[in-house]
Amino acid sequence: MKGRNMTRWRDPAKDPRQEPKSNLITAEGADRLRGILDHLSRVKRPALSAKVGEAAALGDRSENADYTYNKKELNRVIARIRYLTKRLDELQVVDRLPEDTGRVFFGAFVTLEDEDGEEMRLRIVGHDETDTSRHWISVDAPLAKALLGKELDDEVTVAAPGGETTYLITDIAYRPPSA
């Protein structure tokens with residue numbers, strides 16, 4: 001039986017979507033999520049509610065594309081508000097530097113040099129803050145897990161799709177939490 005609600009069966013023990021995510025987040029990340037939640041609650045939801053009300057007042061809703069679209073969008077925004085509210089309650093904000101700033105811990109900016117001598121600078125952040133354009137990786141990522149606890153000039157080997165890659169840690173830095 002095929003249909004739009006049918007999905008490919010996945011073994012729950014091997015499904016990466018089922019892996020538990022860490023509940024760590026930086027102070028900046030928590031502020032950003034609170035800002036998104038505030039915008040959705042105070043600006044976006046009331047505006048969409050007004051649009052749905054106006055479209056509903058026009059009459060027949062079965063053929064009213066404006067009503068259908070805005071109602072779906074409103075439901076999506078309400079679901080996002082519910083998710084963010086629940087997620088912010090679960091998160092643990094890391095708002096201080098580690099005692100040993102010579103090692104790689106959560107929130108660290110790490111500069112790595114690969115076998116070809118190319119450098120890459122990344123930051124280890126929470127699952128909700130990952131951003132590939134800024135090279136911010138999740139603390140749950142294999143590379144981050146391999147880096148945690150390492151010191152300057154340590155070598156780290158990580159399994160990658162193209163084979164194992166070895167990196168040398170050339171710099172570790174932390175941004176002081178904003179007050």
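Two strands are counted as paired if DSSP finds at least two bridges between them. The structure described here is a predicted model.

Strand 3 and strand 4 are paired in the antiparallel sense, with 5 bridges between them. Strand 3 covers 109-113 and strand 4 covers 119-125. Within this pair, T111 stands opposite R121 of strand 4. The two strands form a hairpin with 5 residues between them, and G117 in that hairpin has a positive phi near 90°.

Is D116 buried or exposed? D116 counts as exposed because its relative accessibility is 67%, and the cut-off for exposed is over 50%. D116 also belongs to a negative surface patch, which it forms together with E115, E118 and E155.

## Other strand pairs

Strand 4 is also joined to strand 5, residues 136-138, and here the two strands run parallel, with 3 bridges. I124 has I137 of strand 5 standing opposite.

Strand 6 (residues 155-160) and strand 7 (residues 163-173) run antiparallel and are joined by 6 bridges. A hairpin of 2 residues leads from strand 6 to strand 7. In this pair, A160 stands opposite G163 of strand 7.

## The loop between the two helices

Helix 1 spans 27-57 and helix 2 spans 65-90, and E63 is found in the loop between them. E63 has a relative accessibility of 72% and therefore counts as exposed. How far apart are the C-alpha atoms of E63 and K14? The separation is 44 Å, for two residues that are 49 residues apart along the chain.

The structure holds 10 salt bridges. One of them pairs R123 with E28, with 3.1 Å between the closest N and O atoms. This pair links distant parts of the chain, since R123 is in strand 4 and E28 is in helix 1, 95 residues apart. The two partners can be described by their accessibility: R123 is buried, with a relative accessible area of 3%, whereas E28 counts as partly exposed at 28% relative accessibility.

Another salt bridge joins D128 and R87, at 2.9 Å from N to O.

R76 and E73 meet through their side chains in a salt bridge, with an N to O distance of 2.6 Å. Both residues lie in helix 2, where they are 3 residues apart, about one turn of the helix.

R76 is partly exposed, with a relative accessible area of 47%. E73 has a relative accessible area of 15% and is therefore buried, as the cut-off for buried is under 20%.

Conventions
Residues numbered from 1 in each chain as written. Predicted model: local features only at pLDDT ≥ 70, side-chain atom pairs only at ≥ 80, totals over all residues. Heavy atoms only, no water. Helix = DSSP H or I, 4+ residues; strand = E, 2+ residues; numbered from the N terminus. Buried < 20%, exposed > 50% of the residue type's maximum accessible area, 1.4 Å probe, protein only. Patch = residues over 30% accessible without salt bridge, like charges linked within 9 Å, V, L, I, M, F, W, Y side chains within 5 Å. Areas by Shrake-Rupley, 256 points an atom, 1.4 Å probe, with all protein chains shown as cover. Salt bridge = Lys/Arg side-chain N within 4 Å of Asp/Glu carboxyl O. Lys, Arg positive; Asp, Glu negative; His and termini not counted. Charge placed at Lys NZ, Arg CZ, Asp CG, Glu CD.
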